[in-house]
Amino acid sequence: MTESLVSGGSTSGAGLPFPLTDYHVHLSDRLTLEEAVALAAERGQRFGILEHPGAAFSPFGLDTDAELRAFLGQVRQHPLYVGLQPMYRGWSAAFSDDALS
């Protein structure tokens, strides 16, 4: 069964004894939030949507508490996991403890 998944077999999740999840999906101009939701449903998977905090890395401009909360609020409206993928040390200094909790 694992062999068929690795070699490009069906990823529908139908009949598998475990859920299929991709915890590392980034949104872009080629994949919107709505498209990610539809793709996950089509494949029978759960997706985790990640974003890089810091204006230099994020198309969402996650550089303030308000921007972080807006991103989290958008993603949490859907059956998705959500997270941050920091790319540099000290990234958390841009955000309050409350926004990160």
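The exposed residues E34, A41 and E42 sit on the face of α2 that is turned away from its buried side. Here, exposed denotes over 50% relative accessible area, buried under 20%, and partly exposed the range in between, with a 1.4 Å probe and protein chains only. Helices (H or I, at least four residues) and strands (E, at least two) are DSSP runs numbered from the N terminus. The model is predicted: local features need pLDDT of at least 70 and side-chain atom pairs pLDDT 80 or more, whereas totals for chains, interfaces and linings use all residues. Residues are numbered from 1 along each chain as its sequence is written, and side-chain values use heavy atoms, with hydrogens and water left out.

The buried residues of helix α2 (residues 33–43) include L33, A36 and A40. These residues cover an arc of only 55 degrees around the axis, and therefore lie on the same side of α2; the arc is that of the directions from the helix axis to the C-beta atoms. The cover over the buried residues of α2 includes β2 (45–51) and α3. After α2 comes G44, which has a positive phi, near 70 degrees.

## L68 in helix α3

L68 belongs to helix α3, which spans residues 65–75. Because its relative accessibility is 1%, L68 counts as buried. Leaving aside residues up to four places away in sequence, L68 touches L62, L84, F95, A99 and L100, where a contact means heavy atoms within 4.5 Å. The C-alpha atoms of L68 and F95 are 8.3 Å apart, although 27 residues separate the two along the chain.

Side chains of opposite charge can pair when their charged atoms come close. A salt bridge is counted when a side-chain nitrogen of Lys or Arg is within 4 Å of a carboxyl oxygen of Asp or Glu. This rule gives a count of one salt bridge. The side chains of R69 and D98 form a salt bridge, at 2.7 Å from N to O. R69 lies in helix α3 and D98 in helix α4 (residues 97–100), so the pair ties together parts that are 29 residues apart in sequence.

R69 counts as partly exposed because its relative accessibility is 39%. D98, at 56% relative accessibility, counts as exposed.

## Confidence along the chain

The predictor's confidence in each residue is given as pLDDT, from 0 to 100. The chain has a mean pLDDT of 83, and 78% of its residues reach 70 or more. Confidence is highest in α2, at a mean of 95, and lowest in helix α1 (residues 2–6), at 41. Over residues 1–12, pLDDT stays under 50, and the model has 14 contacts beyond four places in sequence for these residues.
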